[in-house]
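Have the viewer open as you read.

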Amino acid sequence: MSHLARTLRLAIVLVAVAALNGGIALAQINTEQVMNIGRNALYFEDYVLSIQYFNQVIQQKPYLPEPYFYRAVAKISLDDYSGAETDATKCIEINPFIKDAYRVRAVARHNTHQYENAIGDYKTCLEMRPEDPDIMLNMAMCELALKNYDKADSCLTWCLERDSTSERACLGMAQLCLDKQDSIGALGYVSRCIERHKNNPQAYLVRCEIYANHLKDYSKALADIDEVLKLEPNNVSYYINRSYLRYQVNDIRGTMADLDYAIAIDANNVTAHYNRALLRSEVGEYNKAVEDYDFVLKNDPDNYPAFYNRTMLLINIGQYQQGISGLNAMLEKDKDDFVALYQRAMLYIDTRQYQSALRDLNAILTKYPKFESGYMLRAQIKQRLGDKRGYEKDLETAVSVMKAKGVHYSSFNPVETEKKHSDEIHQQRAQQHYDKQEKEAQRQREMMEGSLEESVEEVQKRFSQLLVVDVNNDLKPEVNLEDDGLYDEKAGHRRYRNMTRGYIQDNRVDVQPQSVFALSYYSYDNKLNGRTHFIKEMTQINDMHVLTSALTLVCGTPSLTEYEARSRFNSVEYFNGLLATSEERAIDYFGRAMDYFLLKNVDAAIADANRAIECNNDFALAYFLRFNARMVKLRLDEASELPTTENKEAHDMLIRRAREVALNEMAADLKAVIALSPRNTYAHYNLAYVQAMLGSYEEAISSYSRAVELKPDLGEAYFNRALIYLQIGDKEKGVADLSKAGELGILPSYNILKRMSR
């Protein structure tokens, strides 16, 4: 988290505390009590819980401005800046005289790169609080981002006149000086900051950059980055940067140690692997260097410098066949690379691939017909191939060329003539790669600054990266929560054992959709929002008391305790007796199907659901239950599927086809439910889930939209729709849905929201 972000977050927490101390009088005792509980939860960093309380107040009295304000404070603490801006705006619309609402909205806009709008809100705040340095500093940062240097200078000067040692103001001035190419002035400001604030890693980083990139004083830069690592010892990029600085002062051992440790912390860091490969090549660890280049090319196949270096290394260590493969690829890209052609010819000779060597030598001699050694090499190859006439002719030609030159031995080597041209080819291709990297880095910077929007493809790529499970690594830093509320230096805030408390957006989650809704006899309440789920037909059956237990609806696959399983087995026996001695009824088959489903005997559950539908084809819940059983069956089949090595392509095609058939059967069941009960929210939701599994994203979005139209507080639908929007590259709609889902108590929303935001 940047220093600016930490300061902004602190400012918002202070706003919340100040508002708490002020107190708000509400009309109704009940509403006032809920508001007070929500504010208490906010004060103790129970942000998600506080949002649920403010939701209740807003639901009852949407005309009150305060719950929108407090909910905005909670959302901004969870990095939900879009949702915070919306709530703060609503608060201002209802009551434009709540001054802190402008501050919350300004911070939200600032973090979403809406700098001009943020400046407008900061100015409104200054009209109300003209001597607030934090507001002036935030406004200065916005002016800097917009490159309004004179205005930024004015704001920062105002701050320094009131506090000459303000760390944020000094760092802001340093950045302003750097933007204006005044590295000496920047050095003065950042050194002033460090003198007074010795534990500010950002200050040391800025000074390190000035020493390294502007003044080329690597020893002083090293001293500063050493201080940074004392304060933040688990940041991979700092070790990579220090390895570069150590290399500049010829500390090879220290350079290698830093790269090794960076990779130990983050095994997937491509930059660290590439730099270590270069260093290993330099110190003669060629095999290990090849391993690093292999890793780089696996993750960045278009990295030409890595590819070229790896090819040369393979040749040097005698891996000729792999070296030939590399040279083949180089010549496919650049047929004019004569040196690569010559190297390949020599490798073909060394590996006794004479016909291939002959083809390359023919091409070489066509370009250089007076290359006497080439004729002698070709003569040797022809001799080995049994071409006596060709052998004698090439020897005669070699002798003739040497006589014409007046020499007694071969002295001409075309590689020396062509080396400059080949080097230019490699440099050009390497430069193309570096230019591409720099262009991408510039795009990233512009997106960070808010001057460039992410493309659909970029959103899709970043979201797909979230789907990759992190590699477990024992050396990854973890917070040891011996005491609840332990302060995390790296995160810049407290961390809690309770995963619903505090800055939950920092809790890493797997990006998975919320599960389908399933029928059950055993319910659980969402402890955050207290919601339970009902459908009309389920309530009607429960009122008839014809089943052994009351039906309920849960999100996810129900699981049973030992006692509950025993009850279900007893219920199966009950229905067995009933069906054996009485007239067949749809409800009895349905009841036994429910028991089988909960006991994971899904084939029997499907069979009984089929019989229930045969008895009564208007039995909506039977279709719903059959869908549930078919979904569990698909999951079980996929989990038990064994890999095959025989005709794998055909096997995989059959698996995909079987999966598609199963999903279409599930969709048909849900469509039958919707035909019988068009307002069944959960049938629309489950259908959307199946459509997404089939890759029909537009249909899935439509079905999720229908679900939230029928039930506007169905957070699971917003969450799943958000994932689809992000998958198709629509970041704006995806972020809006994640914000709404988080507001409705779907906790993973905030981590994904943070990871998708810049």
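## A glycine under cover

Buried here means under 20% relative accessible area, exposed means over 50%, and partly exposed is in between (1.4 Å probe, protein chains only). Gly323 has 0% relative accessibility, so it counts as buried. This glycine sits in helix 19 (residues 320-333); helices (H or I, at least four residues) and strands (E, at least two) are DSSP runs, numbered from the N terminus.

Taking contact as heavy atoms within 4.5 Å, Gly323 touches Thr311, Leu314, Ile315 and Leu347, leaving aside residues up to four places away in sequence. Gln343 is 20 residues from Gly323 in sequence, with 9.5 Å between the C-alpha atoms.

## Where the model comes from

The model is predicted: local features need pLDDT of at least 70, side-chain atom pairs count only at pLDDT 80 or more, and totals for chains, interfaces and linings use all residues. Residues are numbered from 1 along each chain as its sequence is written, and side-chain values use heavy atoms, with hydrogens and water left out.

## The whole protein

The protein has 36 helices and four strands. Of its 758 residues, 50% count as buried. Among contacts with a separation of 6 or more, 59% join residues 24 or more positions apart.

## Helix 32

Twelve of the 13 residues of helix 32 are buried, leaving the helix mostly covered; His684 and Met693 are among them. After helix 32 comes Gly695, with a positive phi near 85 degrees.
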